[in-house]
Protein chains: 2
Amino acid sequence: MKLVVIGGDAAGMSAASQARKRLGPDRLQIVVFERGHFTSYSACGIPYWIGGAVKERDALVARDPDAHRAAGIDVRLRHEAVGIDLDRRAVVAHDHATGDEVREPFDQLMYAAGAVPVTPGWARIPAGGVFGVQTLDDGDAIHRWLDADPRPQRAVVIGGGYIGVEMAEAMVNRGLAVTLLEKSPQPMSTVDPDMGERVHHAIAALGIDVRVNAHVEGIESDGGRVRAVVTRDEEFPADVVVLGLGVRPNTTLAADAGIPLGVTGGLRTDLRMRVTGPDGPLDGIWAAGDCVQTTHLISGQPIHVPLGTHANKQGRVAGINLGGGYATFPGVIGTAVTKVCELEVARTGLTEKEATAAGYAYVTASVESTSRAGYYPGAATMAIKMIAEKRTGLLLGAQIVGREEAAKRIDALAVAMWNRMTVEEMTALDLSYAPPFSPVWDPVLIAARKATDAVHAAG
Amino acid sequence: MKLVVIGGDAAGMSAASQARKRLGPDRLQIVVFERGHFTSYSACGIPYWIGGAVKERDALVARDPDAHRAAGIDVRLRHEAVGIDLDRRAVVAHDHATGDEVREPFDQLMYAAGAVPVTPGWARIPAGGVFGVQTLDDGDAIHRWLDADPRPQRAVVIGGGYIGVEMAEAMVNRGLAVTLLEKSPQPMSTVDPDMGERVHHAIAALGIDVRVNAHVEGIESDGGRVRAVVTRDEEFPADVVVLGLGVRPNTTLAADAGIPLGVTGGLRTDLRMRVTGPDGPLDGIWAAGDCVQTTHLISGQPIHVPLGTHANKQGRVAGINLGGGYATFPGVIGTAVTKVCELEVARTGLTEKEATAAGYAYVTASVESTSRAGYYPGAATMAIKMIAEKRTGLLLGAQIVGREEAAKRIDALAVAMWNRMTVEEMTALDLSYAPPFSPVWDPVLIAARKATDAVHAAG
């Protein structure tokens with residue numbers, strides 16, 4: 001039996017590895033087409049490598065092609081899949097090294113082509129110095145550009161989401177003057193504006209020139225090099241531009257093969273990560289990672305969440321099933337976390353805007369507390385916000401902004417939400433307490449108490 | 001209506017404050033008898049105050065008597081309750097300042113007398129320099145002893161549990177030579193021996209002379225001052241001795257009043273913290289904190305867990321009900337955490353020994369991972385152990401030993417266990433991921449995967 005994998009990063013290689021664990025090379029041949037130079041790397045780590053916190057590119061590689069080959073996985077780098085023939089069950093790939101086209105038949109297909117950066121027309125200019133941040137190859141290109149002569153002095157980052165904010169900090173760490181352009185009234189619009197405001201202040205304190213309500217209309221170049229970013233109101237000189245406008249599922253090949261896409265543009269799958277076609281699940285066709293859509297378990301809606309942790313989980317689930325085992329991926333609840341300098345930002349579930357869009361009526365509660373007992377050295381302020389359904393009190397969402405030991409508290413909230421706890425039930429939770437770790441009422445419990453009061457008050 | 005509260009620390013004052021919030025002074029008179037000099041303080045913070053991390057005693061006081069008085073709560077310090085007359089509904093207290101006895105009638109009684117240190121016969125010697133660590137008054141006494149002439153040089157801490165280990169570190173920080181005597185084969189017997197061994201190494205690395213399997217037989221004194229601690233095998237010179245042998249519920253007064261105690265020696269209560277008497281709940285008699293027993297929700301057994309966080313929650317629940325509201329305290333799952341120098345130790349649920357005692361058949365899984373992505377600066381090793389029920393895979397217990405950002409991860413595990421998740425269900429949990437906070441597989445998820453494999457393998 002032969003498995004062909006399209007995409008050699010987290011999802012694809014997790015699937016390949018899990019399938020291999022269950023079926024040896026005598027029972028399953030595995031061929032992987034990867035268009036870049038690397039396998040199994042942490043794209044989420046690229047900003048830290050650009051900024052210098054991570055010294056070596058190879059530190060981001062969890063498992064290189066040779067390690068996979070040693071496990072009997074035939075990894076073909078710089079091979080870009082360009083066509084899928086579902087009827088005859090074969091993948092066509094372009095070998096960038098030789099220029100050849102190769103055709104590889106399969107019994108099982110794992111589609112893990114990832115995502116591609118959202119690139120508006122104005123960003124597609126034939127000039128150097130404009131970068132997305134999706135692949136290690138992107139990272140290499142950024143490094144080369146930043147190290148070249150003339151050395152870039154001014155960076156403009158477009159988009160104030162996770163990648164944008166992380167890249168803005170990285171550019172500051174590299175000594176550049178940085179402008180961050182965000183079209184919303186606050187950066188980090190994955191949290192509510194009241195929490196986003198705290199992030200805004202923290203970024204500005206790094207010396208980043210944060211411009212909100214900034215509508216980019218074009219990028220100017222000069223002699224083949226980027227020169228400036230132009231918004232509706234202003235022009236920002238730039239020697240390097242980073243696009244942090246998000247990504248969309250890389251599903252062109254699948255769509256061309258006749259597989260209908262979900263409303264988010266991602267592939268639809270069943271719980272075992274089998275791709276859903278026009279007439280139901282497709283036999284032996286699997287997908288995982290940034291190219292699929294999943295279900296948000298709190299809103300009940302399909303959602304596209306390109307995140308390494310989901311890609312790994314989904315890839316593992318696909319590989320276990322591919323290998324004859326049983327595992328499922330039920331969906332996500334929107335947990336995410338980031339760090340800007342010392343500021344930690346975390347969220348899970350729905351923001352107010354998302355809760356409204358999902359049809360919920362809700363109450364909110366926000367509290368400020370500390371990471372440790374107030375009297376213990378290093379106690380740092382943290383803000384927690386909870387969103388609970390009106391009447392039932394079900395926890396619908398939570399957000400944390402704080403400093404060290406703050407953000408990871410979101411996990412307790414995520415597990416509570418996953419289990420459909422009410423905020424009142426949460427007030428009884430047996431969370432860990434000792435002065436170096438928490439006030440005697442953990443901030444999560446204080447927020448749960450206040451949210452309980454809000455639910456009662458709303459009736 | 002009059003409420004009399006016995007004990008002015010966490011449980012008692014939380015109850016008083018919550019009752020006051022609901023019923024003003026015109027509707028409810030509140031009298032508090034507190035035998036010491038302080039109210040609403042953090043006993044858990046005492047080791048950090050002794051060690052110098054916390055500079056001022058008053059930093060440990062969350063709310064002083066005058067603040068409570070301003071809220072219309074009649075706090076009477078140095079008044080030790082010495083008798084309860086349930087039939088005539090009155091408390092008799094001894095005023096240590098005047099030597100007088102006062103009799104206070106009540107409509108509602110809140111019993112929050114806390115715990116007393118376990119003090120074997122050999123520890124009750126008429127010499128200075130032997131201390132428990134329960135109250136701020138104890139802390140004052142230790143400080144005075146350590147500062148006095150001749151200045152103590154050698155400390156012996158008896159008992160290697162939370163307080164013992166924390167006090168041993170405090171004594172090191174004060175510049176004393178410290179010996180820690182523990183009767184078990186490992187200190188920190190609240191975690192399994194394999195995890196306790198890691199704690200043992202960390203304590204020893206602080207320069208503490210850790211002696212396990214040490215059976216203390218006596219304390220020697222000389223001229224009214226402690227001189228040495230004698231074990232079955234050896235004698236340890238000591239200028240100061242700290243008793244960390246645990247505590248027992250301070251329920252003598254209740255028992256004398258005819259209230260039957262639970263198997264742990266603690267008072268039994270209903271879900272609303274109403275004391276259970278010979279024939280069921282007693283009208284208007286409440287209890288909370290270190291003097292009550294509660295239910296371990298995983299073992300189903302009664303348990304005595306003297307911990308500030310439970311005392312606060314229980315006191316709040318009692319006070320809400322006292323004030324005419326509704327709240328419940330369902331029980332605990334054994335979550336606890338501590339820090340020894342840089343080492344963080346956390347647990348929730350049952351240890352192997354406790355699981356066996358409860359009647360469970362189980363499997364275990366232990367993993368080592370890191371607090372951050374392996375390539376991110378500051379990534380520190382952490383060990384996680386999970387205990388899962390055989391066949392069902394229900395999470396029964398978890399333990400973590402690591403460094404910064406390790407221990408608070410126990411909360412996600414505690415919430416999972418609270419909701420009766422299986423380890424296999426846990427592999428799908430949407431926990432937060434970003435390189436500064438976690439490897440792409442959070443250590444909790446890695447442990448859940450390994451535990452799932454163990455459940456399957458055990459059949």
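Before I turn to the first helix on my list, a definition: the expected span of a helix is 1.5 Å times one less than its number of residues. Please also keep in mind that what we are looking at is a predicted model.

With that definition in hand, let us take helix α12 of chain A, residues 443-458, which has 16 residues and reaches 22 Å from its first C-alpha to its last, close to the 22 Å expected at 1.5 Å a residue. Which residues of α12(A) are buried? They are Pro443(A), Val444(A), Leu445(A), Ala447(A), Ala448(A), Arg449(A), Lys450(A), Ala451(A), Thr452(A), Ala454(A) and Val455(A), and you will notice that Arg449(A) and Lys450(A) are among them. After α12(A) comes Gly459(A), whose phi is positive, near 70°.

Let me now step back to chain A as a whole. The chain holds 12 helices and 26 strands, and its radius of gyration is 23 Å, close to the 23 Å that the globule rule gives for 459 residues, so chain A is as compact as a globular protein of that length. Taken along the principal axes, its C-alpha atoms fill a box of roughly 65 × 55 × 40 Å. Buried residues make up 56% of the 459 residues in the chain, and if we consider the contacts with a separation of 6 or more, 66% of them are between residues 24 or more positions apart.

Chain A is divided into three parts: domain 1 is built from 2-40 + 59-116 + 248-322, domain 2 covers 119-245, and domain 3 covers 343-458. Between the C-alpha centres of domain 1 and domain 3 of chain A, the separation is 37 Å.

Next, some backbone details that I would ask you to look at on the structure. In chain A, the peptide bond from Asp149(A) to Pro150(A) is cis, with omega near -5°, and Pro150(A) has its place in the loop between α4 (136-147) and β10 (154-158). In chain B, a cis peptide bond likewise joins Asp149(B) and Pro150(B), with omega about -5°, and Pro150(B) lies in the loop between α4 (136-147) and β10 (154-158) of that chain.

Two residues of chain A also deserve a word for their phi angles. Cys341(A) is not a glycine, and yet its phi is positive, about 50°; this cysteine lies in the loop between β22 (336-340) and β23 (343-349) of chain A. The other is Glu405(A), where phi is near 70°, again a positive value in a residue other than glycine, and its place is the loop between β26 (395-402) and α10 of chain A.

Are these two buried or partly exposed? Cys341(A) is partly exposed, with 15 other C-beta atoms within 10 Å, whereas Glu405(A) has 22 other C-beta atoms within 10 Å and is buried. The cut-off behind that reasoning is that a residue is called buried if 20 or more other C-beta atoms lie within 10 Å of its own.

Let us move to the strands of chain B. There is an open sheet of five strands in the order β9-β16-β10-β11-β12, with parallel pairing, and its edge strands are β9 (130-131) and β12 (209-211), each of which pairs on one side only. Strand β11(B), residues 177-181, is joined to β12(B) by three bridges, and the two run parallel; Leu180(B) has Val210(B) as its bridge partner in β12(B).

An antiparallel arrangement is found where five bridges join strand β5(B), residues 90-95, to β6(B). Here Val91(B) stands opposite Glu104(B) of β6(B), and the two strands form a hairpin with five residues between them, where Gly99(B) in the turn has a positive phi of about 85°. Of the five residues of β6(B), residues 101-105, the number buried is zero, so this strand lies largely in the open.

I will finish with the place where the chains meet. In this model, 51 residues of chain B are in contact with 51 residues of chain A. On the chain B side, the elements that give two or more residues are α8 (308-322), β22 (336-340) and α10 (410-418), and the largest share, seven residues, comes from α10(B).

Definitions and conventions. Residues are numbered from 1 along each chain as its sequence is written. Chains are lettered from A and ligands numbered from 1 in the order in which they are written. This is a predicted model: local features need pLDDT of at least 70, side-chain atom pairs count only at pLDDT 80 or more; totals for chains, interfaces and linings use all residues. Two residues are in contact if their C-beta atoms, placed from the backbone, lie within 7 Å. Helices (H or I, at least four residues) and strands (E, at least two) are DSSP runs, numbered from the N terminus. Domain bounds come from an automatic or database domain assignment. The radius of gyration is taken over C-alpha atoms; the globule rule is 2.2 Å times the number of residues to the power 0.38. A residue is buried if 20 or more other C-beta atoms lie within 10 Å of its own, exposed if 12 or fewer, and partly exposed in between; C-beta atoms are placed from the backbone. Two strands pair if DSSP finds at least two bridges between them.
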